[in-house]
Amino acid sequence: MDENPRVAKADAEVQKLISQKRIKDSDDRKVSSEIFDKATLQVLYKLANQGYLDVLNGAISTGKEANVLKGIKDDGSIVAVKIYRIATSDFKKMQYYIAGDPRFNVRSSNKRQLINNWVNKEYRNLTRLRDAGVKVPEAITSLNNVLIIEFIGDGAGNPSPTVKNLPPQDPNDFYEKLVDQMDKFINKANLIHGDLSSYNILNHYEQPVIIDVSQSVVKDHIIARELLERDIKNISFEFSKMGVDTSIEDLTNRLIKD
C-alpha cells in the first residue's frame with residue numbers, strides 16, 4: 001500500500017483521466033509516463049478537487065521543459081494544462097532569466113523550488129499582460145509545477161496553430177496587429193518577451209496571440225535590452241520572408257519610445 005494516501009488517490013484519479021480512450025496514441029502515452037511523477041499527480045488531484053479540470057485529453061504541445069495538455073472541466077469547457085518537468089528542465093536558463101527580476105528573490109538551488117517560481121513567474125507575466133490589453137491566454141491558476149491557462153482554439157477542441165505552422169493569409173495586416181501587441185507588451189506591461197518568434201505566436205483566426213511568456217523579464221532587467229533586440233530581429237526577419245516591408249531599424253523605432 002502506498003504510504004501516502006493522497007498520492008495513491010492522485011494516481012488513481014489521473015489514471016482514470018488518461019484511460020478510457022482519453023489518451024489515444026503511443027506518443028501521448030509516452031508523454032504521460034514522463035511527466036506524471038508523484039508530486040505532479042498530487043498537484044493534479046488537488047486542482048481536480050478544486051474544479052479546475054476533470055479529464056486530461058491528450059497533448060497540445062510537447063517540449064523539453066514542459067508539456068501542454070488539454071483539460072476538460074465538468075461543464076465540458078476546455079483549459080490548457082501546462083506541466084513543467086523537473087527532470088529535463090534547463091535550470092541554468094531559468095536562473096538566468098529570474099536572477100535580477102525584482103519580483104522574485106530566488107536564492108535556493110533546489111530544482112523543484114526554482115520551477116515553482118518559474119511557473120509563478122509565467123502566471124504573473126500573463127496576468128500583467130492581460131491587464132495591459134495584450135492578447136495572451138488568460139492565467140487561471142497555478143500550483144507548484146502546473147499552470148492552468150485559457151485554451152486558445154475552436155469549440156471542437158482543436159488548438160490554434162502557431163504562425164510557424166500556419167502563416168497568416170494577409171501577412172501585412174497580421175504584422176501590424178502583432179506590432180500593436182508588441183507595443184502594449186513592451187510599453188504598457190513594461191515586459192520584454194525574450195523569445196518571440198513564429199513558434200510562440202498563435203494564428204487564432206488571423207489574430208496574433210502571444211504565448212510562452214515564462215522567460216519574459218521587466219524592462220529594467222539587466223538583460224532586457226539584449227532580449228528586446230533579439231525579439232525585434234526575429235520578428236523583422238520572419239515577416240520580411242513573408243513579404244512584409246519591414247526592417248530591424250523600422251521596428252526598433254516603432255517599439256522603443258524612451
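**Sheet, helix pair and confidence**

Author: In this predicted model, five strands form an open sheet with antiparallel pairing, in the order β1-β2-β3-β5-β4.

Reader: What makes β1 and β4 the edge strands?

Author: β1 (55-62) and β4 (139-143) each pair on one side only. The twist averages 25° from one strand to the next.

Reader: How do you know that β4 and β5 pair?

Author: Pairing needs at least two bridges. β4 and β5 (residues 146-150) have four, in the antiparallel sense. Threonine 141 stands opposite isoleucine 148 in β5.

Reader: Which helix lies across β1, β3, β4 and β5?

Author: Helix α3 (residues 38-49) does, running at about 40° to β5.

Reader: Why is α6 called roughly antiparallel to α7?

Author: Helix α6 (residues 171-187) and helix α7 (residues 224-241) pack at about 170°. Angles over 145 degrees count as roughly antiparallel, so α6 is roughly antiparallel to α7. Their axes are 11 Å apart.

Reader: What makes the contact of α6 with α7 nonpolar by class?

Author: Nine nonpolar residues make up the contact, with no polar and no charged ones. Among them are Phe174, Leu178 and Met182 of α6 and Leu228, Ile235 and Phe239 of α7. Leu, Ile, Met and Phe count as nonpolar.

Reader: Where does the pLDDT stay under 50?

Author: Residues 1-11 stay under 50, with 14 contacts beyond four places in sequence in the model. Residues 18-31 are also below 50, with 21 contacts beyond near neighbours in sequence. Where pLDDT is low, predicted coordinates should not be read in detail. The protein averages 85, and 79% of the residues score at least 70.

How values were computed:
Residues numbered from 1 in each chain as written. Predicted model: local features only at pLDDT ≥ 70, side-chain atom pairs only at ≥ 80, totals over all residues. Heavy atoms only, no water. Helix = DSSP H or I, 4+ residues; strand = E, 2+ residues; numbered from the N terminus. Axes fitted to C-alpha atoms, helices over the stretch in contact; angles between N-to-C directions. Contact = heavy atoms within 4.5 Å. pLDDT = per-residue confidence, 0-100. Parallel < 35°, antiparallel > 145°, perpendicular 65-115°, else oblique.
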